[in-house]
Amino acid sequence: MSSRAQQPSQIWDAALGELQLQVDRTAFETWFKKTDGVALNDGEFVVGTETAFISEMLTKRMSQIVERAVGHVLGEPTSVRFQVLAHADNPSNGQSDDGQPSNADDTSAAGYGDDSQAVPVANATPSNLTTAPFARAPSLNARYTFDRFVVGKSNELAHAAARAVAENPGDAYNPLMLYSEVGLGKTHLMHAIGHQALGKGIDVRYTTAEDFTNEYIRAIHAGTTEEFRLRYRSAGMLLLDDIQFLIGKEQTQEGFFHTFNSLYMSNVQIVITSDRPAHSLKILSERISSRLSSGLSADIQPPDYETRMAILIAKSRQLSVEVSGEVLELLGARIYSNIRELEGSLNRVVAYSDLMQRPLDVELARQIIADTQEANKRRQPSEREVIDAVSKHFGVDTDTLRGPKRDKKTALARQVAMYILREDADMGATAIARALGRKDHSTVLHGCKTIEREQNINSNLRRSILEVRESLAAA
């Protein structure tokens, strides 16, 4: 059978096989997952998409590689057009894509409680939440499950480790330590592990370090420390959130170490979250730090652009609203360090549009972002403070930053300084050029655009910018 005789869906399946090898997993899941081959007419191949926004983004960002893939399958150059599938353009029909009732009235994120990076989905009852009758149900959030977690480059190691632990508790990585700044998904992954363990009939103990401390103190005062010890040491899995809370609490650390050691020696899976890596928890008992270091530590970084867009698309589906590509792109580009802030901004834009009867457009989104950032605004750093902070972080002295040297290290530091001076110190391009000894403001514009683009795909650069900003905030 010739390629012309094949059905459009078969042609598209073959093209998707090639595209899956050319784009990263997050991009593929975001843009191509719910697409279909619709028609082939006179050298034009039509691809059906779920929303107008996805059609727009595929046209703008992916059309060339898609045309190459389709052309390779058909054996001749072929243009590609994207259009919304007829059955997929009604976002408010009260059902999810799988036909289940939606939670359109729930404007909180699925799994965005204390700390998560969740994919909001319609079905509020996770399939892997079935609990064996003899398993004690802990305080786990029902929405914090693996199928609601957006996986990207910034969290793929932590996600893979959590999956491995959930599938083989006590055998894969013990203990498993997940660490990140707030709002990036470590608690979500911990709860997802707990749900899967419950489904296997494992007796899960979940607690925060703060609750563990308070419970331990109450047990001491009430003379019930033996019951306290038995409660935790009889667990089939221990999940401890925010271990950094134990810093400075020596008596609680002693109680935790003995519990930890008893479970560890019995090959019981232990999962711990923290806002910093194990080696930065040295102020904890050295015995605890040593135990933590014996397992696997996995960090979660702020999400890249593709992951942020995937989260925004999922959230807009949950809210059952049509959000334009321009609005989602603006949110994804301007809010990058905290997933909760990203999703909260979309919530505010949608709610404000509804309450004030204003169009849900870029102008409104810019206003909401500005109001949010103003409310959270730190003291604006001075020109000198930014240059000094960048100089210290990159190990490039300030005279070199302002000078003609253009080696890779210096050029990167200079461009980061340009970007932070514009974004955080609110300086114009001409003033920044003068501050850094550049002749032309166009150099500043180019440097800022370079950093905007590169931080979306380079986690090390993203981390450097955050560290510089943190040093400025602490000054």
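This is a predicted model: local features need pLDDT of at least 70, side-chain atom pairs count only at pLDDT 80 or more; totals for chains, interfaces and linings use all residues.

Me: OK, what does the protein average in pLDDT?

Reply: The average pLDDT of the protein is 79. A score of at least 70 is reached by 83% of the residues.

Me: And which helices have the lowest and highest confidence?

Reply: Confidence is lowest in helix H9, residues 286–293, where the mean is 72. It is highest in helix H14, residues 383–394, at 94.

Me: Let's go back to H14. Is Ala 389 buried or exposed?

Reply: Ala 389, which is found in helix H14, has a relative accessibility of 11%. Buried means under 20%, so Ala 389 counts as buried.

Me: What is Ala 389 in contact with?

Reply: Leaving aside neighbours within four places in sequence, Ala 389 is in contact with Val 468, Ser 471 and Leu 472. Ser 471 is 82 residues from Ala 389 in sequence, while their C-alpha atoms are 7.0 Å apart in space.

Me: New topic. Where does Asn 174 lie?

Reply: Asn 174 lies in the loop between helix H4 (156–167) and strand E4 (176–179). Its relative accessible area is 13%, so Asn 174 is buried as well, by the cut-off of under 20%.

Me: What does the side chain of Asn 174 reach?

Reply: It reaches the backbone oxygen of Val 268 at 3.0 Å. The side chains of Asn 174 and Gln 269 are also joined by a polar contact of 3.3 Å. Not counting residues up to four places away in sequence, Asn 174 touches several residues, including Tyr 264, Asn 267, Ile 270 and Gly 295.

Me: And the peptide bond from Asn 174 to Pro 175, is it cis or trans?

Reply: That bond is cis, with omega near -5°. Pro 175 lies in the loop between H4 and E4.

Me: You mentioned Asn 267. What is its phi?

Reply: Asn 267 has a positive phi of about 65°, although it is not a glycine. This residue lies in the loop between H8 and strand E7 (269–274). With a relative accessibility of 43%, Asn 267 counts as partly exposed.

Me: What about the phi of Asp 242?

Reply: Asp 242 is not a glycine either, and its phi is positive at about 60°. Asp 242 lies in the loop between strand E6 (237–241) and helix H8 (250–265). Its relative accessible area is 30%, so Asp 242 is partly exposed.

Me: Last one: at what angle do helices H16 and H18 pack?

Reply: Helix H16 (residues 408–423) and helix H18 (residues 441–454) pack at about 95°, with their axes 8 Å apart. An angle of 65 to 115 degrees counts as roughly perpendicular, and H16 and H18 are therefore described in that way.

Me: Which residues make that contact?

Reply: From H16, they include Leu 412, Val 416 and Tyr 419. From H18, they include Val 444, Cys 448 and Ile 451. The residues of the contact divide into 7 nonpolar, 5 polar and 3 charged.

Technical notes. Residues are numbered from 1 along each chain as its sequence is written. Side-chain values use heavy atoms; hydrogens and water are left out. Helices (H or I, at least four residues) and strands (E, at least two) are DSSP runs, numbered from the N terminus. Buried means under 20% relative accessible area, exposed over 50%, partly exposed in between (1.4 Å probe, protein chains only). A polar contact is a pair of N or O atoms within 3.5 Å; within protein, one must be able to donate a hydrogen and the other to accept it, and residues adjacent in sequence count only if both atoms are side-chain atoms. Contact means heavy atoms within 4.5 Å. Axes are lines fitted to C-alpha atoms, for helices over the stretch in contact, and angles run from 0 to 180 degrees between N-to-C directions. Angles under 35 degrees count as roughly parallel, over 145 as roughly antiparallel, 65 to 115 as roughly perpendicular and the rest as oblique. Ala, Val, Leu, Ile, Met, Phe, Trp, Tyr, Cys and Pro count as nonpolar, Asp, Glu, Lys and Arg as charged, and the others, Gly among them, as polar. pLDDT is the predictor's confidence in each residue, from 0 to 100.
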